[in-house]
Amino acid sequence: MTHSYKITGMTCDSCQAKVQKILAEIEGVTDARVNWRAGEAEITMQKHISTPTLQAALKGTKYQIAEIRENIPHFMGEETKSWLQTYKPVLLLFVFITGISFLVQIPDSSFSWMRWMQTFMAGFFLAFSFFKILNLQGFADSYSTYDIIAKRWRAYGFIYAFIELSLGIAFLTNFQPVFTNATTFVVMSVSLVGVLQSVLNKRKI
């Protein structure tokens, strides 16, 4: 029997060779084929080997393995969460950024929607780039599994975080608004394509 798995943490051919060697040496495994670019592996086994057993073989490494079932990867230790539990941090962040964007205009004599949007976009990009940079390797690994550019050019995952940081600073300082808005439109449109593909294919991001 052959099972397909998602593997995170692989960044090069050396990682692929290491993971493939470890998996191939597990008792009961007859063949292991790993592709680090796709972040996937196909393992042929004499009898079913549980995912925890496979993960135990990778203990001490940076690699995480999850079996693909109905196109949804189930990672070790992942709990089933409600929609609200899953997206609570993102929703709270949006509420904070939205509120702060209103508050910065209190000293002004009139309210400007244009300034509100500029402040909101600055906060949005600065906040999300911050979280990406906190774990740049992890973000790049994840991003390369669904973004249409990062799938083909993994370095884009590292660059993207700094593109967001640059856009945040540009909105904050009102740098070349036409150029900044155009760049934002292109970058977000490309990123949205990968997200929509994953959602439509019911793959978990």
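This is a predicted model: local features need pLDDT of at least 70, side-chain atom pairs count only at pLDDT 80 or more; totals for chains, interfaces and linings use all residues.
Local features need pLDDT of at least 70, side-chain atom pairs count only at pLDDT 80 or more, totals for chains, interfaces and linings use all residues, and side-chain values use heavy atoms, with hydrogens and water left out.

**Stop one: the aromatic rings.** Rings of Phe, Tyr and Trp (its six-membered ring) pair if their centres lie within 6.5 Å; planes under 30 degrees apart are stacked, over 60 edge-to-face, and the rest tilted. The count comes to 21 aromatic pairs. Select Phe102 and Trp113: their ring centres are 6.1 Å apart and their planes at 80 degrees, so the pair is edge-to-face. Phe102 belongs to helix α3 (residues 83-103) and Trp113 to helix α4 (residues 113-134), so the pair ties together parts 11 residues apart in sequence. Helices here are DSSP runs of H or I, at least four residues, numbered from the N terminus.

Next, colour by accessibility (buried is under 20% relative accessible area, exposed over 50%, partly exposed in between, with a 1.4 Å probe and protein chains only). Phe102 is partly exposed at 36%, while Trp113 is exposed at 58%.

Now widen the selection: Phe102 and Trp113 belong to one aromatic cluster, whose members include Phe94, Trp116 and Phe171.

**Stop two: Gln16.** Move to helix α1 (residues 13-24), where you will find Gln16, partly exposed at 22%. Leaving out residues up to four places away in sequence, Gln16 touches Met10, Val34, Asn35 and Trp36, a contact being heavy atoms within 4.5 Å. Finally, show the backbone nitrogen of Trp36, which lies 3.1 Å from a polar atom of the Gln16 side chain.

Methods: Residues are numbered from 1 along each chain as its sequence is written. Helices (H or I, at least four residues) and strands (E, at least two) are DSSP runs, numbered from the N terminus. A polar contact is a pair of N or O atoms within 3.5 Å; within protein, one must be able to donate a hydrogen and the other to accept it, and residues adjacent in sequence count only if both atoms are side-chain atoms.
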